[in-house]
Amino acid sequence: MAVYDKRLLKKLERKANLIRRHVVRMTHLAGSGHPGGSLSAVEVIVALYFHILNIDPKKPKWEDRDRFILSKGHGCPAWYAALAERGFFSVKDLDTLRKLGSKLQGHPDMKVCPGVEASTGSEGQGLSMGVGMALAARLDRKLYHTYVMVGDGEMDCGQTWEAAMAASHFHVHNLTAIVDRNMLQLDGPTAQIMSIEPLADKWKAFGWEVEEIDGHNFTEILKALERSKDVKGKPNVIIAHTVKGKGVSFMEGAVGFHGKAPSKEEYEQAMKELGGEP
Amino acid sequence: MNLSDFKLESQRTYWAKALVELGKERQDIVVVSADLSTSVKTSLFAEEFPERHFNVGIAEQNMMSISAGLAACGKTVFASTFAAFGTGRVYDQIRQSIAYPKLPVNIIATHAGITVGGDGATHQIVEDMALMRALPNMTVIVPADAPETYRAIKAVADYDGPAYVRMGRANVPTITSDKGKFKIGKATVLRDGEDVSLIGTGIMVSRCLLAASILEKHKISARVIDLSTIKPLDHKTVIKAARETGGVVTAEEHSVVVGMGSEVALCLTETAHVPMKRVGIPDVFGQSGDSDELMEEYGLTPENIVEAAHDVIARKGR
Ligand SMILES: Cc1ncc(C[n+]2csc(CCOP(=O)(O)OP(=O)(O)O)c2C)c(N)n1
């Protein structure tokens, strides 16, 4: 296994903790939003924005930048927090989540928010957009890579598999999908609502290179993301095993925190666990 | 009269109450959900009748065509999800597998319009009525409040064909009662008046009532009509109101492009020319915000209706 500099791993872990504190604060201030699916995605988003992606926050529309799409758009508090901490806009703006006139819409809006590459929120469409971006890179002979994070609930959507089929048909190897496999969707556990296993075999059958990792372990995440860029001839999917609500004891594995903001008491308790206000 | 004079009740609670009662009375009632059963409250039906509830996951296209299959074999189907995912995303499935064969699938759409609030434009569909209205064979109902929702659900269960019932997320002022039968295609005059007609649908009906009480202070007598069936439109009541009051204001929490107001306008163009004004969401997407704030931002307050009424009255006889 690749060995990463301890200082890098420490830095990423600190960022992840910071993003978590932002997520809890933002959803609490907004009084609504989706903390559970934001918290499960934190490490992957942090690894991308603070190590992997070739981006320039000062030039969010730079043509050669790597692209990231959060197909499960409801998890955007984590994305917004990472974009702010990476310098795409002011950290102060995070307090405006879901408020009238804010660039931080309840679901990501690419027209108004710097760094947001695709407007998502209706589940199941982001991977297809990613295929489009990967095809455009090929047409323009650009070297950028496109990453798309999808929810395990999105495996229910027929369009996910239409995109999967197209990506391997067109041999887009400049595309990486990351499944946030947190085992829950809105109504309950994925295993009860709609069975999606054997998930790795499904992706393999659709012609994808598949890797399964612990989605909260930076060494595994970095290694998988770096490796995925080197695979030739086919697209890649990383199934990141995660915990919904990760980092806040009473949100971990709790369906109830899919789409519910923390109350004042819950906010205070969460901040105690995470080490204080951001 | 103020909004706070009314009891606020959840349309979703009443829809689920009607659904569970129907489930008890009739074995042919089946329900299909798409990973939003807790939000749209079909979970209450699922608790009582697990064998007649199918949750297909986040797969709305599948939901609509499975509903069609069930209906083609004699079931009366209720398919329920958010309005955005139950219309736009599945327009072709509704068109081909439900409306064209005129199957008894009732699409019960919650979280319609901008009052969805924080979730923003992706979830605030403002053109669903237009989409559903355009479909041959489709019945479109937008109840004004919770009790009317209850009665409308009972009515569509008895109706042999596809229906779309639209409601919002927010609690709404109760202005009708759950007694009596809902008649599909029949508008209700809630308040009589002579100077102008305020025709509302959905949550805007209560705003029309408030507007009428403000207009009364301005010595203007306004008729208020609850136009809960958008299709088929109650031409008779609309034309009568236009002829008797000489001016019409429509109000809907929906885009004014091909909404209820444009249907009323078309009806009157061909029958009774009177000055008219449509209150509704302009031709734009919504955005995140508090639902009351958004109602102001997009011009959907009683004051906006009052202003429109004055404008209409000023144009009379010109
Ligand atoms: C097409 C569509 N249908 C329904 C919804 C409502 N919805 C929002 S999130 C969600 C569940 C998402 O589950 P998953 O993708 O696993 O996300 P996570 O658990 O990681 O938050 C649902 C059904 C939606 N956003 N889009």
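Colleague: At roughly what angle do the axes of helix α5 and helix α6 of chain A cross?

Modeller: Keep in mind that this is a predicted model. The axes of α5 (residues 126-139) and α6 (residues 158-169) in chain A cross at roughly 20° and come within 8 Å. Angles under 35 degrees count as roughly parallel, so α5(A) is roughly parallel to α6(A). The crossing of α5(A) past α6(A) is left-handed.

Colleague: Which residues in α5(A) meet which ones in α6(A)?

Modeller: From α5(A), A:Leu127, A:Ser128 and A:Val131 meet A:Gln159, A:Thr160, A:Ala163, A:Ala164 and A:Ala167 of α6(A). Sorted by class, that contact has 5 nonpolar and 3 polar residues, with no charged ones.

Colleague: And the cores? What's the general idea there?

Modeller: In soluble globular proteins, nonpolar side chains tend to be buried together. Here, the largest nonpolar core has 58 residues, and those touching the most other members are A:Leu48, A:Tyr49, A:Phe68, A:Tyr80, A:Phe89, A:Ile178 and A:Leu225.

Colleague: Which elements give two or more residues to this core?

Modeller: In chain A, they are the helices α1 (6-30), α3 (42-52), α4 (76-85), α9 (218-230) and α10 (264-274), plus the strands β1 (67-70), β2 (146-151) and β5 (236-241). α3(A) gives the largest share, 9 residues.

Colleague: Leaving out residues up to four places away in sequence, what does A:Leu225 touch?

Modeller: A:Leu225 touches A:Ala47, A:Leu48, A:Ile52, A:Tyr147, A:Ile178 and A:Ile238. There's also a second, separate core of 53 residues, with B:Val90, B:Leu103, B:Met129 and B:Ile230 among them.

Methods:
Residues are numbered from 1 along each chain as its sequence is written. Chains are lettered from A and ligands numbered from 1 in the order in which they are written. This is a predicted model: local features need pLDDT of at least 70, side-chain atom pairs count only at pLDDT 80 or more; totals for chains, interfaces and linings use all residues. Side-chain values use heavy atoms; hydrogens and water are left out. A nonpolar core is a set of buried Ala, Val, Leu, Ile, Met, Phe, Trp, Tyr and Cys residues joined through side-chain atoms within 4.5 Å. Buried means under 20% relative accessible area, exposed over 50%, partly exposed in between (1.4 Å probe, protein chains only). Helices (H or I, at least four residues) and strands (E, at least two) are DSSP runs, numbered from the N terminus. Contact means heavy atoms within 4.5 Å. Axes are lines fitted to C-alpha atoms, for helices over the stretch in contact, and angles run from 0 to 180 degrees between N-to-C directions. Angles under 35 degrees count as roughly parallel, over 145 as roughly antiparallel, 65 to 115 as roughly perpendicular and the rest as oblique. A crossing is left-handed if the near helix is turned anticlockwise from the far one by less than a right angle, and right-handed if clockwise. Ala, Val, Leu, Ile, Met, Phe, Trp, Tyr, Cys and Pro count as nonpolar, Asp, Glu, Lys and Arg as charged, and the others, Gly among them, as polar.
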